Amino acid sequence: MASSLLLAFSLTAIGYAAGSPQHPWKDPFFGCQGHLTKPEQLHFNYAGDRGMIVSWNTPEKLSFPTVRYGRGPELDHIAFSEVSVTYPTSTTYSNHVLIKHLEPDTHYEFAVHCADEKERHQFKTSLPAGNSRPFAFAFFGDLGTMGPLGLTTYGQKAALKPGEINTMQSLREFKDQFEFVWQDGDLAYADDWLTEEINGFLPNMTIEDGTTLYEDILNTFYDEMAGNVTMDRPYMVGPGNHEANCDNGGKKDKATGVKYTESICVEGQTNFTGFRNHFRMPSEQSGGLENFWYSWDYGMVHFIQFNTETDFPDAPDLPGGSAAENAGPFAPNGTQLKWLKDDLAAVDRKKTPWVIVAGHRPWYVDGSKCDSCQAAFEPLLLEYGVDIALFGHKHFYERFTPIANGEPDPNGLDNPSAPWYLVSGAAGHYAGLGTLDLPLANYTDKAIDTVYGWSRFTVHNCTHITQDFIASANGTVLDSATLYKNHNGCGGHEHHHHH
């Protein structure tokens, strides 16, 4: 995506930058053909502390996806791009507009191309790096679609009780308590359509019909997320194995003995295609790669999303890898790990004393773990003093004492030198939660496999962060723990109390 196409102008601007595309000024929302350009699946994400990428889908291609925005009440600025992309099998176009030169930590009102004039939304730009205001964010992996195509009260394990609030609804209810949402892979579970049919949860159809069902599940998920949370809060995402292809690496139908492989997947539903089209994470701003690896700053924290699926030695989703997803690689050999090392080395710990990273597949977890992920990533997390490492993939909640190379840190949460690991994958998988194998490891501090929930991280200051695991059904905090880190005596000379 050439950055030259991503332009933002004030309506009062005279003329154009040289070589920029000609936008039909007089009516920035020209060419709206009723329902064909009706915006859906709205979401937005940070692009540096002065930028925001606004994304939405339309049934037809837009020549110039356009956003009107302003501090209000007038939407007196306009930003547009030429990024309206689709892929074989998709029923929509994904539109992405980068808005630049915003004020940090500021509310803006906006309306996207062809939206009803009353359909205004708001976003708040990023807290600039080094700002010490406390903030919170929501974190989870493994959510999935809600309702008849996903998690319901009549699913395979009927994990959701009738009338029970699901995680999307819980996020909507609590959105005043966090500033952004971070979903670490396994977004919609569109690739589980075949499993859902084999297991009798959805009626059987042909493989060809499955192609349509896959897109139906994706569209449903993104619409549900928009209605509950992504219209109101920035949405940062990373890659999980369920984004890779259309049937999650092959399934056997026990009734018929047929073994399906990814050979049933059509172009458009392999190799992370939907995931690559639907989002524009701030990789351009951080030297990363698409939505696979990137970083951003927010207040006292440097955040990093890395990719446990492809692009490192023995990555599980590579052709021939353990998960047989036949996805990637997306860059020359060694690119991701070199980027991660350079990104970590460049962190200014005076400005952002905290470093929090997330990848999808955990290597500290109850049950099968990703050894190749550990070999690739753990040395860098240790070398650069990463504070917190977050994961999904397993459909339960598990919090560990800080740990390095399998050895628990003797300090625990009281100024450890090792990273604090946490798995929060209990958000809403349609087939129910995973089951912990007891006994748990000696470095597991808390594990929950009986309720759906999500994590809220509160960054209090440069020395203390609290994580609360919140039960989606009733908002109860089921586990709470606070990490204390000295961070070279940050925050001046006041005395730090910790337990």
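Which residue of β23 stands opposite F400? Here are some notes to read alongside the model.

1. First, the ground rules. This is a predicted model, in which local features need pLDDT of at least 70 and side-chain atom pairs count only at pLDDT 80 or more, while totals for chains, interfaces and linings use all residues. Residues are numbered from 1 along each chain as its sequence is written, and side-chain values use heavy atoms, with hydrogens and water left out.

2. To the opening question: F400 stands opposite T444 in β23. Strands here are DSSP E runs of at least two residues and helices are H or I runs of at least four, numbered from the N terminus. Strand β19 (residues 397–400) pairs with strand β23 (residues 444–448) in the antiparallel sense over 4 bridges; two strands pair if DSSP finds at least two bridges between them. β19 also runs antiparallel to strand β22 (residues 420–424), joined by 3 bridges, and there L422 is the bridge partner of R399.

3. Have a look at the side chains of β19 too. Y397 and R399 point one way, E398 and F400 the other way, and all are buried (buried is under 20% relative accessible area, exposed over 50%, partly exposed in between, with a 1.4 Å probe and protein chains only).

4. Another sheet is worth a visit. This open sheet has 4 strands in the order β2-β3-β7-β6, paired antiparallel. β2 (40–46) and β6 (84–85) are the edge strands, each pairing on one side only. Inside the order, strand β3 (residues 52–58) and strand β7 (residues 93–99) pair antiparallel over 7 bridges, and Y93 in β7 stands opposite T58.

5. Now the largest nonpolar core, which has 132 residues; V54, F137, F180, W182 and F303 touch the most other members. Helix α3 (residues 207–230) gives the most to this core, with 8 residues. The core also draws at least three residues from each of domain 1 (25–124) and domain 2 (127–482); the domain bounds come from an automatic or database domain assignment. A nonpolar core here is a set of buried Ala, Val, Leu, Ile, Met, Phe, Trp, Tyr and Cys residues joined through side-chain atoms within 4.5 Å.

6. Leaving out residues up to four places away in sequence, F137 touches F178, E179, F180, W182, F303, I356, S455, R456, F457 and V459 (contact means heavy atoms within 4.5 Å).

7. Finally, the structure holds 3 disulfides, each defined as a pair of cysteine sulfur atoms within 2.5 Å. C246 and C265 form one, with sulfur atoms 2.3 Å apart, and the link is left-handed, with -85° about the S-S bond. C246 lies in the loop between β12 (235–238) and β13 (251–252) and C265 in the loop between β14 (259–260) and α4 (273–278), so this pair ties together parts that are 19 residues apart in sequence.

8. The disulfide of C370 and C373 has its sulfur atoms 2.1 Å apart. Its torsion about the S-S bond is about 70°, so the link is right-handed. C373 counts as buried at 0% relative accessibility, and C370 is buried at 10%.

9. C462 and C490 also form a disulfide, with sulfur atoms 2.1 Å apart; the link is right-handed, with 95° about the S-S bond. C462 lies in the loop between β24 (453–459) and β25 (464–471) and C490 in the segment after β26 (477–484), so the pair ties together parts that are 28 residues apart in sequence. Both C462 and C490 are buried.
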